[in-house]
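Here is a short briefing on one protein model. Pocket first, then confidence, then the core.

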Amino acid sequence: FAGYRTDVPRWLLASDLVVLSTHWEGMPLSLWEAMAHGLPVVATAVDGIPELVQHDSTGVLVGPGDDRALAHAIAALVADPSRARRLGDAGRAFVQRHWDEGELADTMLEVYADA
């Protein structure tokens, strides 16, 4: 709830993990950024998120509205730093293999043109 920020990399460097709990989301840039910084992520398995966060490979997925599973996933990563580091490293490698700013810009322009 910090509002618009220009210092996102600084916030990510100060974080141990990133959580995105949502009922709908396309392909969230916030998760791309977190993973690029090597942070483990916990996210709800909705819309485009499972294309980015592969359960127990590049992050942890839980069902939308499953508060217990979300809390358990967060606590499990906090309790197991080596697993958190493994997921963060895998997420960073995934982003390095799949991130293409030009392709992202083209996709976003297509979305806006269709709207």
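Ala2, Gly3, Arg5, Asp7, Val8, Trp11, Leu12 and Ser15 line the second largest pocket of this predicted model. A pocket is an open set of points on a 1 Å grid over the protein atoms alone, where a 1.4 Å probe fits, with protein on both sides within 12 Å along at least five of seven lines; lining residues have an atom within 4 Å of a point.

**Ground rules**
- Residues are numbered from 1 along each chain as its sequence is written, and side-chain values use heavy atoms, without hydrogens and water.
- Local features need pLDDT of at least 70, and side-chain atom pairs count only at pLDDT 80 or more, while totals for chains, interfaces and linings use all residues.

**Pocket**
- The second largest pocket has a volume of about 150 Å³, the space filled by probe spheres set on the points, which are joined across faces, edges and corners.

**Confidence**
- Mean pLDDT (the predictor's confidence in each residue, from 0 to 100) is 90, and 98% of residues reach 70 or more.

**Cores**
- The largest nonpolar core has 17 residues. Such a core joins buried (under 20% relative accessible area, 1.4 Å probe, protein chains only) Ala, Val, Leu, Ile, Met, Phe, Trp, Tyr and Cys residues through side-chain atoms within 4.5 Å.
- Val18, Leu31, Met35, Val41, Ile49, Leu52 and Val53 have the most contacts inside this core.
- Met35 touches residues including Val41, Leu52, Val53 and Phe94, not counting residues up to four places away in sequence; contact means heavy atoms within 4.5 Å.
- A second, separate core of nine residues includes Val42, Val60, Ala73 and Leu77.

Definitions and conventions
Buried means under 20% relative accessible area, exposed over 50%, partly exposed in between (1.4 Å probe, protein chains only).
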